[in-house]
Amino acid sequence: MEHDLIIRGGTVVDGSGGPRRAADLAVGGGRIAAVGDLGGAAAREEIDAAGLVVAPGFIDAHTHDDQAVFADPAMTPKVSQGVTTVIAGNCGLSLAPRSYPGVGAPPSALLGTPAEYRFPTVAGYRAALEESPAALNLALLVGHSTLRIDAMDNDIDRPATAAEIAAMADKLDESLAAGAIGLSTGLAYPVAKAAPTDEVVALAQRLPAHGGIYTTHMRDEGAAVLDSIAETAEIGRRSGARVVISHHKCAGEANWGRSVETLAAIEAARETLELDFDVYPYTASSTVLLPDWAPQARRILVTWSDPHPEMAGRELAAIAADWGCDRDAAIRRLMPAGAIYFTIDEGDLRRILAHRRAMVGSDGIPGDRHPHPRLWGTFPRVLGRYVREAELLTLEEAVFRMTGLTAQVFGLAGRGVLAPGNHADLTLFDPATVLDEADFDHPKRPARGIHSVWVAGQAVWRDSTATGARPGRFLARGEGRG
Ligand SMILES: [Zn+2]
């Protein structure tokens, strides 16, 4: 029997967390056909992987790629890192189901210009992506803020009424039935700030019947981060849903070092609750530019500005100096705008990243003119800087938290582990050279050391170039083996 592809002589790190081993890997019909000594087997294409690691394609646990898969289906920022699946619809914001015609309150701009693509239903979004696939797979969360803007006609500075909650819950049910994998919230943002815990619980209670997950950009990631973890755990307990805390951090210098407390609180909550979290490997955050968040940051970089596009990539302090005004006045002149906030301690980042339940998620913002480098660098940065250079975690452990753990937590069947019968989503990289090249000054540089990337057995990245193949699928929860 002839396989489609055999990757020979590589070091297999299979995504389970188990030890690496020397093995060949064969692919046929988009699936992994065999892993082991395949000396007697033949294939239409063979690749010599001596010195390279064969791993499952990375699963980006936290993205805002809902629109990027249509606007830029090659998805170069992600496939160049070895990513083969993205979890979209995070932080309360999803491109579907959405009917509201306007832009909506911040952070709606994180997805890009919403007027270009509008999907009143998840079924419609899914059909559009199946008709026009991207290079990689996507699983979609439904955004609470997206539901709010629609149900409340963007009148969002108040709790939703019982009738509005019922309308949101029905939309959520319909979306989950159409293949969405869960609900996300962004309770720190103006669009959802006024939502009380009960409003979120009422929605999250719809999740268990569909096996859906609850993910949250918590209400506060700074001084009140412990209250936010308590609220998150309460939502998980009262709803019965599995929970993921998004981009866990302790923001603001006054809170540096507090990851000791937050991780202890997470461990305590885990005794009665399925609760995990994702993290990006940088000490700066990025989102919309809002005056409320400026005091937390020592330094702020502008990523885009509608009235002043020429300021993208510049320091807020320098802009304010040029304009002869203070930072607050400069922010107001730049808005609507996006920013990078330097607010996180390296020690906290390492402590969080080293935790056994920390999934890797980029939180990259694809539409930004001068994006946070995490969009292009997250996964190679973990493998290069934190595994090889800092030895903060083993290669096996890091790959597990980019693949097997993430597939398990988000319910992506048939992915995340290299085993016969699973989908042939694969990454081949050089563990001696893999490294992020994107930085805050040059945020759009592809990483080095990512040799080849396959989705469903088709190469999407090879010789430092996107191949143009678009084998990606919409991943409905639990349907991965279909
Ligand atoms: Zn967020």
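## Helix α7 and its partners

A crossing of two helices is left-handed if the near helix is turned anticlockwise from the far one by less than a right angle, and right-handed if it is turned clockwise. In this predicted model, α7 passes α8 in a right-handed crossing. The residues that make this contact can be listed. From α7 come V225, L226, I229 and A233. From α8 come E261, T262, A265, I266 and A269. Sorted by class, the contact of α7 with α8 holds 7 nonpolar, 1 polar and 1 charged residues.

Now take the geometry of the pair. Helix α8 spans residues 259-270. The axes of α7 and α8 come within 10 Å. They cross at roughly 15°. Angles under 35 degrees count as roughly parallel, so α7 and α8 are roughly parallel to each other.

The crossing of α6 past α7 is right-handed.

Which residues of α6 and α7 meet? On α6 they are T197, V200, V201 and A204. On α7 they are E231, E234, I235, R238 and S239. By class, the contact of α6 with α7 divides into 4 nonpolar, 2 polar and 3 charged residues.

## Two domains

The chain is divided into domain 1 and domain 2. Domain 1 is made of two stretches, 2-55 and 430-466. Domain 2 runs over 57-411. Taken over C-alpha atoms, the centres of the two domains are separated by 29 Å.

How many residues of domain 1 are in contact with domain 2? There are 27, and they are in contact with 32 residues of domain 2. On the domain 1 side, β18 (450-455) and β19 (458-462) each supply at least two residues. Strand β18 gives the most to this side, with 3 residues. The side of domain 1 that touches domain 2 has 17 nonpolar, 5 polar and 5 charged residues.

## Two buried residues

T406 sits in helix α14, residues 404-410. Is T406 buried or exposed? T406 is buried, because 28 C-beta neighbours lie inside 10 Å. Leaving out residues up to four places away in sequence, T406 touches I59, A61, M359 and G416. A358 is 48 residues from T406 in sequence. In space, the C-alpha atoms of T406 and A358 are 9.3 Å apart.

A476 lies in the segment after β20 (465-466). This residue is buried too, with 20 other C-beta atoms within 10 Å. The cut-off for buried is 20 or more. A476 and L176 are 300 residues apart along the chain. Their C-alpha atoms are separated by 8.8 Å.

P97 is in the loop between β7 (83-88) and α3 (122-131).

Another cis peptide bond joins M335 and P336. Its omega is about -5°. P336 is in the loop between α10 (327-334) and β15 (337-342).

## Positive phi angles

D153 is not a glycine, yet its phi is positive, at about 50°. D153 belongs to the loop between α4 (144-151) and α5 (162-177). D153 is exposed, because 11 other C-beta atoms lie within 10 Å, and 12 or fewer counts as exposed.

H247 is another residue other than glycine with a positive phi, near 30°. Its place is in the loop between β11 (242-245) and α8. Is H247 buried or exposed? H247 is buried, with 26 other C-beta atoms within 10 Å. So D153 is exposed, whereas H247 is buried.

Methods. Residues are numbered from 1 along each chain as its sequence is written. This is a predicted model: local features need pLDDT of at least 70, side-chain atom pairs count only at pLDDT 80 or more; totals for chains, interfaces and linings use all residues. Helices (H or I, at least four residues) and strands (E, at least two) are DSSP runs, numbered from the N terminus. Two residues are in contact if their C-beta atoms, placed from the backbone, lie within 7 Å. Ala, Val, Leu, Ile, Met, Phe, Trp, Tyr, Cys and Pro count as nonpolar, Asp, Glu, Lys and Arg as charged, and the others, Gly among them, as polar. Domain bounds come from an automatic or database domain assignment. Axes are lines fitted to C-alpha atoms, for helices over the stretch in contact, and angles run from 0 to 180 degrees between N-to-C directions. Angles under 35 degrees count as roughly parallel, over 145 as roughly antiparallel, 65 to 115 as roughly perpendicular and the rest as oblique.
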